[in-house]
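Dear colleague,

I am passing on the structure we spoke about, followed by my notes on what was found in it. Please read the notes alongside the coordinates.

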Amino acid sequence: VIHAVHSFDYEKLKEFQVKVRAQDAGSPPLSGNVTVRIIIQDQNDNAPQILYPVQTGGSSVAEMVPRSADVGYLVTKVVAVDVDSGQNAWLSYKLQKATDRALFEVGSQNGEIRTIRPVSDKDAMKQRLTVIVEDNGQPSRSATVNVNVMVADSFPEVLSEFSDNTHDKDYNDNLTFYLVLALAVVSFLFILSLVVIISVKIYRWRQSRIFYQSNLPVIPYYPTLYSDAGGTGTLQHMHNYEVYMTTDSRKSDCKFVRPVSPSVLMVDPNSAEIMERTLREKTIMDETDLV
């Protein structure tokens with residue numbers, strides 16, 4: 001029994017021979033030789049390869065068709081090969097997609113692209129065809145190719161068409177960029193304005209809450225008022241009193257009553273110490289004057 005120790009590739013090795021010797025265990029031993037010829041069978045393990053039109057970055061060279069072309073005009077030919085053998089290398093061509101399927105056809109065996117009706121002025125200048133190439137293996141493998149066709153009578157007409165399209169494309173790209181940029185700037189300014197307005201509103205609201213709801217009175221500073229203590233040794237009968245109040249206080253910090261006698265001033269007990277010190281200073285000054 002002969003076993004293969006690895007797989008074989010038909011495209012690299014199609015057949016080979018093995019020499020086998022059979023020998024018995026007699027004395028003397030007798031033997032016989034035989035040559036075994038091994039043929040590798042092909043499998044459909046390769047897809048068709050497109051030779052023409054050459055694909056460069058997903059695009060191909062455009063083929064020109066004059067507007068005066070009649071039925072059966074040969075536009076171009078798709079050329080493909082398959083490295084498999086036998087029926088696995090038999091190729092067929094089909095038109096998969098086309099801008100105008102009523103204008104072109106592809107030969108199923110030779111890959112020729114021809115017109116099936118006369119070209120008219122109403123036909124679009126740019127035509128795009130997609131041709132699929134399949135082999136006859138099981139399972140079948142395939143490859144696709146795109147064919148660009150320009151319906152024009154002269155090459156300068158094709159160049160002008162491409163120039164106009166390029167200019168329009170660049171203009172549209174620039175316009176789109178500026179529109180997106182303007183939209184982004186306007187959106188940023190709008191959001192920034194909203195943030196600033198909301199921040200100012202919150203700041204003013206917090207300040208008003210702190211100002212009107214504070215439990216601590218705001219006591220302003222005022223200069224000390226001195227009373228005139230000169231003359232006869234008694235307080236003057238005419239006195240001026242001013243009441244100072246904070247903006248959020250609802251009651252006076254001091255209460256004043258009318259004097260009981262012309263020389264006695266009655267004030268709130270909280271001011272007794274101040275009045276006592278003032279009277280004592282006045283008495284010392286009177287004694288100094290008498291001496």
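What share of the contacts in the chain with a separation of 6 or more comes from residues 24 or more positions apart? With contact taken as heavy atoms within 4.5 Å, such residues account for 63% of them.

Before the details, a word on conventions. This is a predicted model, in which local features need pLDDT of at least 70 and side-chain atom pairs count only at pLDDT 80 or more, while totals for chains, interfaces and linings use all residues. Residues are numbered from 1 along each chain as its sequence is written, and side-chain values use heavy atoms, with hydrogens and water left out.

**Overall layout**

The secondary structure comes to eleven strands and two helices, which follow one another along the sequence as β-β-β-β-β-β-β-β-β-β-β-α-α; both kinds of element are DSSP runs numbered from the N terminus (helices H or I, at least four residues; strands E, at least two). Of the 291 residues of the chain, 19% count as buried, where buried means under 20% relative accessible area, exposed means over 50% and partly exposed lies in between (1.4 Å probe, protein chains only). The chain exposes about 22500 Å², of which carbon and sulfur atoms supply 58%; accessible areas come from the Shrake-Rupley method with a 1.4 Å probe, and for residues only the protein chains shown count as cover.

**The nonpolar core**

A nonpolar core is here a set of buried Ala, Val, Leu, Ile, Met, Phe, Trp, Tyr and Cys residues joined through side-chain atoms within 4.5 Å. The largest one has 20 residues, and those with the most contacts inside it include Val78, Tyr93, Phe104 and Val149. Strands E7, E8, E10 and E11 (142-151) each supply at least two residues of this core, and E11 gives the most, with four. Valine 78, leaving aside its neighbours within four places in sequence, is in contact with residues including Tyr52, Pro53, Tyr93, Ile113, Val131 and Val147.

**Charged side chains**

The structure holds five salt bridges, each a side-chain nitrogen of Lys or Arg within 4 Å of a carboxyl oxygen of Asp or Glu. In one of them, glutamate 134 pairs with lysine 94, with the closest N and O atoms 3.8 Å apart. Because glutamate 134 lies in strand E10 (residues 126-135) and lysine 94 in strand E7 (residues 91-98), this pair ties together parts that are 40 residues apart in sequence. Both partners count as partly exposed, glutamate 134 at 23% relative accessibility and lysine 94 at 47%.

Arginine 117 and aspartate 100 meet in another salt bridge, at 2.8 Å from N to O. Arginine 117 lies in the loop between E9 (112-115) and E10, and aspartate 100 in the loop between E7 and E8 (104-106), so the pair ties together parts that are 17 residues apart in sequence. Arginine 117 counts as partly exposed, at 22% relative accessibility. Salt bridges that share partners join Asp100, Arg117 and Asp123 into one network.

Aspartate 82, in the loop between E6 (79-81) and E7, is buried yet has no salt bridge, the nearest side chain of opposite charge being that of arginine 141, 7.6 Å away (Lys and Arg count as positive, Asp and Glu as negative; His and the chain ends are not counted). A polar atom of the aspartate 82 side chain does lie 3.0 Å from the backbone nitrogen of aspartate 84, where a polar contact is a pair of N or O atoms within 3.5 Å; within protein, one must be able to donate a hydrogen and the other to accept it, and residues adjacent in sequence count only if both atoms are side-chain atoms.

Best regards
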